[in-house]
Amino acid sequence: EAQRRADEARGEVYRLNQRIRTLEAQLKSMADSNVELPFPSDLDELKDWADKHLSGSVILLNRALRGAKESDYEEPVLVFRALLLLRDYYVPMRRDGGEELKKAYAEALASHGLEEAGSIATSRRGEQGDEYLVQHSGRKRELDRHFRKGSSRESRHCFRLYFFWDDEDEQVVV
């Protein structure tokens, strides 16, 4: 009985998520595409901003929020833009697929000067311990992808944003 109710609940969640996506698509098509979201002046406001603008597409774990608060990166607006890039290009590409969405994602990355790659070489994973692992939905998951900009070892000049795709919830986890 419990398994049946859990299955019903998962079905209802799926149905509601589909409805939300339909409504979001309708809103997006009605919105003025030239209007840019306001970005907070610093990363201390990231959680509130993310809750308001990323819900349903991008999940920021507490580890990411702590890292952002401690960050001394010289261009904090890029953090917000990268998260919107995940929401507006990566998530649709993963959910819907297709060459057109892949191309739009690649163009969005390039327009922000970002590259996407695997987070760490397989041969080096063991050296890093749990550095690239996070707890999500009751299990350990690997942050297997990342955005990067810059190659300096000085944190002020080097941007990295680590994430993975959650197939179950069809969301990005940062």
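Predicted model: local features only at pLDDT ≥ 70, side-chain atom pairs only at ≥ 80, totals over all residues.
Visitor: What should the 21 residues of H4 span, and how far apart are its end C-alpha atoms?

Guide: The expected span of a helix is 1.5 Å times one less than its number of residues. H4 covers residues 76–96, so its 21 residues should span 30 Å; the end C-alpha atoms are 30 Å apart, in agreement with that.

Visitor: Which residue follows H4, and what is its phi?

Guide: Gly-97 follows H4, and its phi is positive, near 70°.

Visitor: How many helices and strands does the protein chain have?

Guide: The protein chain has 5 helices and 7 strands. Along the sequence they follow the pattern α-α-β-α-α-α-β-β-β-β-β-β.

Visitor: How many strands form the open sheet, and in what order?

Guide: The open sheet is formed by 5 strands, ordered E1-E7-E6-E5-E2, with mixed pairing. Strand E1 (58–59) and strand E2 (115–118) are the edge strands, because each pairs on one side only.

Visitor: How many bridges join E2 to strand E5, and do the two run parallel or antiparallel?

Guide: E2 and strand E5 (residues 145–149) run antiparallel and are joined by 4 bridges.

Visitor: Now a single residue. Is Leu-54 buried or exposed?

Guide: A residue counts as buried when its relative accessible area is under 20%. Leu-54 has a relative accessible area of 0%, so Leu-54 is buried. Leu-54 lies in the loop between helix H2 (46–53) and E1.

Visitor: Which residues is Leu-54 in contact with, leaving aside its neighbours within four places in sequence?

Guide: With those neighbours left aside, Leu-54 is in contact with Trp-49, Leu-83, Leu-84 and Arg-87. Take Arg-87: Leu-54 and Arg-87 are 33 residues apart in sequence, while their C-alpha atoms are 6.6 Å apart in space.

Visitor: What percentage of the protein chain's 174 residues count as buried?

Guide: Of the 174 residues, 30% count as buried. The accessible surface of the protein chain comes to about 11300 Å², and 47% of that belongs to carbon and sulfur atoms.

Methods. Residues numbered from 1 in each chain as written. Heavy atoms only, no water. Buried < 20%, exposed > 50% of the residue type's maximum accessible area, 1.4 Å probe, protein only. Areas by Shrake-Rupley, 256 points an atom, 1.4 Å probe, with all protein chains shown as cover. Contact = heavy atoms within 4.5 Å.
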